[in-house]
Amino acid sequence: MGKAADTREKIFLTAVDCIAERGYANTTVNDIADRIGIKAASLYYHYENKDALLAEILDYFVYHFNQYRTPVEKIVETARAAPLRDAFALMFHHYGDDAEYALMTKIARIIFDLKYEQDAAKKIFQRCFIDGARDYIERALRALTDEGLLEIRDPEPLAEQMVAFSLLNQERTLLTDRPRKEETRAFQAGVAYLAGSY
C-alpha cells in the first residue's frame with residue numbers, strides 16, 4: 001500500500017472514531033486532521049468534504065454488513081446439533097474478528113445516531129437493520145420449519161419480533177456504551193426467551 005492509500009485509510013478510520021465519539025454534526029474536518037497530525041488541506045486531497053467521507057463510511061458498512069451473516073444452512077445445521085437458542089443466536093449479526101467488530105460497531109453507532117437526520121443513514125438503517133434483517137430471519141425460520149426443527153405456521157410475525165428485539169438491544173448497546181459482555185448476556189437472555197416462545 002502506498003503512502004497516499006495509507007493516509008486515506010488513516011483518515012477513514014479516524015473519521016469513524018471521531019464521528020462515533022462526538023457525532024457527525026460535532027465533528028469537523030479539522031478535528032479529524034488534527035487527530036491524525038495532518039493539515040486539513042491534506043484531508044481534502046483524499047475527500048472532497050465531510051459528506052463525501054461520511055458517504056464512504058456508510059458504503060463500507062453496507063458492503064461488509066451482509067458478509068457477516070451466518071448462512072441459513074449453518075443455522076439449520078446448528079439447530080440439528082444444539083439447542084434451538086444457539087441457532088437463533090446465529091441469526092443476529094456478528095461482525096467478525098475484534099478489529100472488524102469494533103469498526104463495524106462504530107459505524108453502526110453512526111448510522112443509529114444519524115437515522116433521523118441523514119437520508120442516506122435512514123435508507124441504510126431501513127435496508128440493513130429492518131427490511132434485510134426481517135427477510136433474512138424469515139428465510140432462516142422457514143428453513144428451520146421446513147426441516148421439522150421448528151413448529152410455527154407463519155414465520156413472519158416471529159421474524160418481526162426478533163427484528164424488534166434486535167433493534168431495541170442494538171439501540172441500547174450502541175448508543176449507551178454498555179460493555180460488550182453485558183450486551184451479550186442481555187442478548188442471550190432475549191434469544192432464549194424468543195426460542196422458548198415458539
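This is a predicted model: local features need pLDDT of at least 70, side-chain atom pairs count only at pLDDT 80 or more; totals for chains, interfaces and linings use all residues.
Local features need pLDDT of at least 70, side-chain atom pairs count only at pLDDT 80 or more, and totals for chains, interfaces and linings use all residues. Numbering starts from 1 along each chain as its sequence is written, and side-chain values use heavy atoms, with hydrogens and water left out.

**Exercise 1.** Work out where Lys-115 lies and whether it is buried or exposed.

*Solution.* 
- Start with the location: Lys-115 sits in the loop between helix H7 (98-114) and helix H8 (119-146). Helices here are DSSP runs (H or I, at least four residues), numbered from the N terminus.
- Now check accessibility: the relative accessible area of Lys-115 is 5%, so it's buried (under 20% relative accessible area, 1.4 Å probe, protein chains only).
- Finally, list the neighbours: leaving out residues up to four places away in sequence, Lys-115 touches Ala-121, Lys-122, Phe-125 and Glu-171 (contact means heavy atoms within 4.5 Å).

**Exercise 2.** Describe how H5 packs on H8: which residues meet, and at what angle do the axes cross?

*Solution.* 
- Take the geometry: the axes of H5 (residues 72-81) and H8 come within 9 Å and cross at roughly 45°. Axes are lines fitted to C-alpha atoms over the stretch in contact, with angles running from 0 to 180 degrees between N-to-C directions.
- Then the residues: Val-72, Ile-75, Val-76 and Ala-79 of H5 meet Tyr-136, Arg-139, Ala-140, Ala-143 and Leu-144 of H8.

Methods
Helices (H or I, at least four residues) and strands (E, at least two) are DSSP runs, numbered from the N terminus. Buried means under 20% relative accessible area, exposed over 50%, partly exposed in between (1.4 Å probe, protein chains only).
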